[in-house]
Amino acid sequence: MTTWKMVAAGVAVGAAYAVSPLTAICVPLLIVLARWAGAGLTGRERQWFFTIVALAVVGRLLLIGGLFLSADGTAPFETFFGDELFFKNRSLWIRNYGLGVAMSPADVIYAFEDVGISSYLYALAVLQAIFGNAPYGVHVVNSTCYLAAVLLLFRLVRPVFGGIAALSGLIVLLFTPSLFMWSISALKEPSYTLAAALELLCAVGVARAGSWRTRILWLLGVIAGAVALESLRRGGSMVALTGVVGGLFFGYVLARPKATLATAVLLPIAIAGAMMLPPVQERALNAARSWAIYHSGHVGSNGYSYHILDDLYYVDGLRLYTMPAPHAIRYVVDSYVAYVTEPVPWRIESRALLAYLPEQMFWYVLLALAPFGLVAGVRRDVMFTMLLSAHAMGAITVVAMTSGNIGTLIRHRGLVMPYLVWLAGLGLYEVARAALHSSPIRVPRKAYADAHS
């Protein structure tokens, strides 16, 4: 019987490899990662974990298979989103150029132009140079990257925040509709999420290292993660820098009452004093102006957009280069507000955005639960909680300051979810626990009498 099982497994793997070599590699890798992430879990928690992961894997593979079957020959390959053509085409052109395949000059120019270039394109090119054309295998690879990131984060969070918070975060990351869809896309978000998870792992290693030699090794990992994030998306290194420096600083301070008090008094004074210096003011103003220019570009892109600047800046973009400080301050504040609130329910302009409305309400719920999780997390492990929070703030800032297109905002807002959902999950646990403890538990008289007889 065992021999037949081994033969059947070999045939299945061989058939899968013949259809898609990348699928035959990625699926066993996911099984190994799931077993690693679920090691140590017992009872119902273990059953829930593996059921959730299995459904997530199967669901993604079925949708990718459906995409493949939907191809009708009118296009070289099908996509979930229009932007995927950008990555599939350019990665193939880069690969062909590297292999010496004859190409038109226009394709060569477009393949290597600065707009949209990233390490992700080169990674796809190398992948397809090794395994051949993989317009649908790319979706499987990206799903594997995303699932690997989520499993790594689960393994990191579970010992600190507990099973309920960890499973709640796992479900949100794997099955929230927008996250589910871009996790199986050919876009670069899944690769970015994996790089972000690895960078966070290294940041936690820096905080928990028992020796300076180990700490330096973890710090090198953080640097490598920051470089990888920046190569995938502009501003990625800022997320890593903000997350590590801010997380370590506040993690150290909040663990010491006297240092907390001193910081609460001195930090605002130091920031106010620095902002009074003309060079600092000029750099801050220039940064706000450059962010506003990016925002204006997103507003002018295809799709639905939102405005947070005065109308005159959208009519005459040159005014952004001389935007005064009061307008810049208001722009920064309104950017954070728009990041949280857009798309505003009463200004929805299409059926697609109306379909997104339930997820927008869910986004508000997550934000409401996160502060409760933050307070509870500080009590459990202040350093880990501050690292999560500081990375989340870095990701929020990078997206909030430059967004203007609602569809892009929704997609990029997913970059903060790998940090936010665990705090929200812990907040849900704390709120539910408090509610249960505050509710009187009624015991039937007969049961009370039997218990005390």
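Colleague: Is Asp310 buried, exposed or partly exposed?

Modeller: This is a predicted model, in which local features need pLDDT of at least 70, side-chain atom pairs count only at pLDDT 80 or more, and totals for chains, interfaces and linings use all residues. Residues are numbered from 1 along each chain as its sequence is written, and side-chain values use heavy atoms, without hydrogens and water. Buried means under 20% relative accessible area, exposed over 50%, and partly exposed in between (1.4 Å probe, protein chains only). At 29% relative accessibility, Asp310 therefore counts as partly exposed.

Colleague: Which residue meets Asp310 in a salt bridge?

Modeller: A salt bridge is a side-chain nitrogen of Lys or Arg within 4 Å of a carboxyl oxygen of Asp or Glu. For Asp310, the N to O distance is 2.9 Å, and the partner is Arg330.

Colleague: How many residues apart in sequence are the parts tied together by Asp381 and Arg208?

Modeller: The side chains of Asp381 and Arg208 form a salt bridge at 3.5 Å, N to O. Arg208 belongs to helix α10 and Asp381 to the loop between α17 and α18, so the parts tied together are separated in sequence by 173 residues.

Colleague: Is Glu430 buried or exposed?

Modeller: Glu430 forms a salt bridge with Arg433, their closest N and O atoms being 2.8 Å apart. Arg433 is partly exposed at 35% relative accessible area. With a relative accessible area of 14%, Glu430 is buried.

Key:
Helix = DSSP H or I, 4+ residues; strand = E, 2+ residues; numbered from the N terminus.
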